[in-house]
Amino acid sequence: MRVNTLNALVSSAIWRAEQLKDLELEEAASSAWLEVSKLEEELAKIKPAEDAEGRIARRGAVRAALKANDLARAEDLAKRFAAEGASQALRKELRELLKVESNGLSEKFPSALRHHKPSEVLRHARLLLERGPFLLAA
Amino acid sequence: MSDGPPLDLSSLRNMHPELSPDLAVIMVMRAALGLQRNKHSVGVNLHMTIENAVSGCALTWPAADLGLAKQHDHNRITEDGAEAIALAVAHKTKTWRVVRRMQREECADWLLEHDSDGKRKLVAFEVSGVDQGSIVVRMREKLAQVAKSSDVDHRCAGVVGFERPETSLMSVKEKKYAR
């Protein structure tokens, strides 16, 4: 049964991602959390939001995307889950997850956030780190 | 004092068929290392306290090469080994079965299931291990943590102490969540 396979896969993926994080292998941990997010998303397709497991999978998909530093994915998932009929309580939980991430950004980039979405700010911040300030002159 | 047949960790996947094979192998090996580095041999009596009821049974496992212990993180041996033992005890004493692992922010390590009056019930199960010393304080901490878990019918903490060895399972008083 597909849901059992996905449950086994997400269990292994979460365990692995947590081990990588504990070892402070940040890049590998990010990839691992992205895998978790995708598996949780697949579970969310099978388990309705009315089910406890469905809610756990939806929170898990958004949370793992944030842990993978993929804020755009997290925002998209939260929006989609809300549109698909998540309860008010679940929508609030998902908004809270995104808010915590945004609060972290707002401390670092308060001006940028006045003009751009959090996912765009994060993307530009990463480019700046990778390619240096000359990127801004390009 | 020993109640019933031995608890065999090599049968962990028979108890929990949804536990992935790779995870089960590592957990059982780390349980073996955790027990053997505390000088326990296969068949040692495992003291169990299940919701304050005391019992015990023989614990068996596939023996590990203690020389391999240095290849594993000391704390991971304790924590992953504890999960193998606690999951085995949860199945033996309460017929609970693994559904899936949960992310830490769900305030529990595992989502388990069982049948109650023909209905499927979900359990949030938080597990921790103590290599040496008392498990009492750890149990209090884990109960407080798992009490915050939501979307389940039941919340339970399991703590394994490798020195004695012992396992304690204790449930949080059930709450009803309106959704």
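Let's start with helix α4 of chain B, residues 136–146, in this predicted model. Four of its residues are buried: B:M139, B:K142, B:L143 and B:V146. Buried means under 20% relative accessible area; exposed is over 50%, and partly exposed lies in between, with a 1.4 Å probe and protein chains only. Helices (H or I, at least four residues) and strands (E, at least two) are DSSP runs, numbered from the N terminus.

Why do the buried residues line one face of α4(B)? Seen down the helix axis, they fall within an arc of 105°, so they share that face. The arc is taken from the directions that run from the helix axis to the C-beta atoms. Remember the general rule: an α-helix has 3.6 residues a turn, so residues three or four places apart point the same way. And what covers them? The cover includes β6 (119–130), β7 (154–161) and β8 (166–171) of chain B.

A word on conventions. Residues are numbered from 1 along each chain as its sequence is written, chains are lettered from A and ligands numbered from 1 in the order in which they are written. Because the model is predicted, local features need pLDDT of at least 70 and side-chain atom pairs count only at pLDDT 80 or more, while totals for chains, interfaces and linings use all residues; side-chain values use heavy atoms, leaving out hydrogens and water.

Now the whole of chain B. It has four helices and eight strands. From the N terminus, the order is β-α-α-β-β-α-β-β-β-α-β-β. Of its 179 residues, 56% are buried. Take its contacts (heavy atoms within 4.5 Å). Among those with a separation of 6 or more, 63% join residues 24 or more positions apart.

Next, the largest nonpolar core. A nonpolar core is a set of buried Ala, Val, Leu, Ile, Met, Phe, Trp, Tyr and Cys residues joined through side-chain atoms within 4.5 Å. This one has 43 residues. Which touch the most other members? B:L12, B:L59, B:I85, B:W110, B:L112 and B:F125. Several elements of chain B each supply at least two residues, including α2 (21–36), β3 (53–60) and β5 (110–116). Helix α3(B) gives the most, nine residues.

Look at B:F125. Leave aside neighbours within four places in sequence, and its contacts include B:A86, B:W96, B:W110, B:C156 and B:L169. Apart from this core lies another, of 32 residues, among them A:L39, A:A61, A:V62 and A:A68.

On to B:G43. Where is it? In the loop between α2 and β2 of chain B. B:G43 is partly exposed, at 38% relative accessible area. B:G43 and B:L59 sit 16 residues apart in sequence, but 4.9 Å apart in space, C-alpha to C-alpha. Not counting residues up to four places away in sequence, B:G43 touches B:A58, B:L59, B:T60 and B:W61.

Chain A has seven helices and zero strands. Of its 138 residues, 46% are buried.

How many cavities of 30 Å³ or more does the structure hold? One. On a 1 Å grid over the protein atoms alone, a cavity is a set of points where a 1.4 Å probe fits but cannot get out; lining residues have an atom within 4 Å of a point. The largest cavity has about 40 Å³ of space; volume here is the space filled by probe spheres set on the points. Its lining is A:N7, A:L43, A:K47, A:E53, A:A57 and B:R100.

Methods. On a 1 Å grid over the protein atoms alone, a cavity is a set of points where a 1.4 Å probe fits but cannot get out, and a pocket is an open set with protein on both sides within 12 Å along at least five of seven lines; lining residues have an atom within 4 Å of a point.
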